[in-house]
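Please look through the structure below.

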Amino acid sequence: MINTDNPVLRFARDLIRRKSITPKDEGCQKLISDILEPLGFRIENLRYGEVDNLWAYHGHGSPVLCFAGHTDVVPAGSTKEWISDPFAADIHGDKLIARGAADMKSGLAAIVFACKRFIETYPNHNGSIALLITSDEEGEAQDGTYRVMETLSKRDEKIDWCVIGEPSCTQKLGDTVRIGRRGSLTGLMTLKGIQGHVAYPHDANNPAPVITKILNQIESIKLDNGTKNFQPSNLEIVNINTDNTADNVIPAEVRATFNIRFNNKHSSKSLKKKLNKIIKKICKKNKCSFKISYMVSGEAFITNPDKTTFMIQKIIKKITKIKTKLSTTGGISDARFIRKISPCVEFGLVGKTMHKIDEAVALNDLKKLTQIYNKILENYFK
């Protein structure tokens, strides 16, 4: 029988009931601090812009094991479609259903109570435990982990290893540990021609078919076949727009947006060079001017497995009876910032329902995840 009144679950529900839609924290980090501070954690609140960040530290010296996560969540969408209020943190059967249940307030609760249990058992542990909690992972991600990493680097504060509590698993708890991510490059392209009447095309220059030629060509490029650790890179066209409401007017301007998820065979710099060459050539041939701007959300990276990675795998298998796959699939996360100063992996709950209606976490998974994090602490500082 599942115990629905255990402290980890109670704390997860307390966090969920704070409606912390990105980039708001709504007091979640204060709830976390209220548990950590009596344990002897040194608490530092780092606020940049509108974003709250928590840097908590216990112990002294090396090695430093850090757990990272975020208190912000995405909007709930149509609340009428949910089985119950998405911020009520209701339990239905053997699941906790709420916005943030999987991504990632339950994971934060597991981290906090794993640390609590470890410190109560080993108050004079070797090394240091750190927690890095932000409130803008789901949003702009500019004033959160990115800024904290800058601050730590300037202060020459080290992290030896980091476990990010993102919902990494796909079907069952324990099936996936993420050791890297593909990069993300967004291109915003504008072509300008000459506006005119559709009956007199010789007096105009329509940029719409020109941008179509460009998009067809860049979309058909086979960037690679994947690598040992990464799936193939892919380019997707996500928006085409002329803002033209008349069917008898040739537009003067057309815009398009595309996104590339790329593996470590490429960099954002090499991809920009390849794309700019194609765009420039087609626009020149068709006498259109163009502007192209890019947004780089992150470069591809991988944390090469080491003894800590293998230790985590063994613990997961022992508790879940599942052989863990090391993966680089999925979107981007704050690991792209942390990996610049520390090796890191992502391991957390099952993410199948994250960002969806009736986002959920199995109560038994929450119990097991807390055990896994606690064992990671014990083995890391052994």
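## A loop lysine

Leaving aside residues up to four places away in sequence, Lys24 touches Asp72 and Ser135. Contact here means heavy atoms within 4.5 Å. Lys24 sits in the loop between helix H1 (7-16) and helix H2 (28-36). Helices (H or I, at least four residues) and strands (E, at least two) are DSSP runs, numbered from the N terminus.

## Basis of the model

This is a predicted model, in which local features need pLDDT of at least 70 and side-chain atom pairs count only at pLDDT 80 or more, while totals for chains, interfaces and linings use all residues. Residues are numbered from 1 along each chain as its sequence is written, and side-chain values use heavy atoms, with hydrogens and water left out.

## Strand S7

In a regular strand, side chains alternate between the two faces of the sheet. Strand S7 (residues 161-164) is covered on both faces. Trp161 and Val163 are buried on one side, Cys162 and Ile164 on the other. Buried means under 20% relative accessible area, exposed over 50%, and partly exposed in between (1.4 Å probe, protein chains only).

S7 pairs with strand S3 (residues 64-70) in the parallel sense, over 4 bridges. Two strands pair if DSSP finds at least two bridges between them. In this pairing, Ala68 stands opposite Ile164 of S7. Strand S18 (residues 344-346) also runs parallel to S7, joined by 3 bridges. There, Cys344 of S18 stands opposite Cys162.

## Salt bridges

Side chains of opposite charge can pair when their charged atoms come close. The structure holds 15 salt bridges. Each is a side-chain nitrogen of Lys or Arg within 4 Å of a carboxyl oxygen of Asp or Glu. One of them joins Asp156 and Lys158, with the closest N and O atoms 3.1 Å apart. Asp156 is exposed, at 52% relative accessibility. Lys158 is exposed too, with a relative accessible area of 52%.

Which residue meets Arg255 in a salt bridge at 2.5 Å, N to O? The partner is Asp243. Arg255 lies in strand S14 (residues 253-262) and Asp243 in the loop between strand S12 (234-241) and strand S13 (249-250), so the pair ties together parts 12 residues apart in sequence. Arg255 is partly exposed at 26%, whereas Asp243 is exposed at 55%. Arg255 also forms a salt bridge with Glu253, at 3.2 Å between the closest N and O atoms. Glu253 is partly exposed, at 25% relative accessibility. Salt bridges link Lys192, Asp243, Glu253 and Arg255 in a network.
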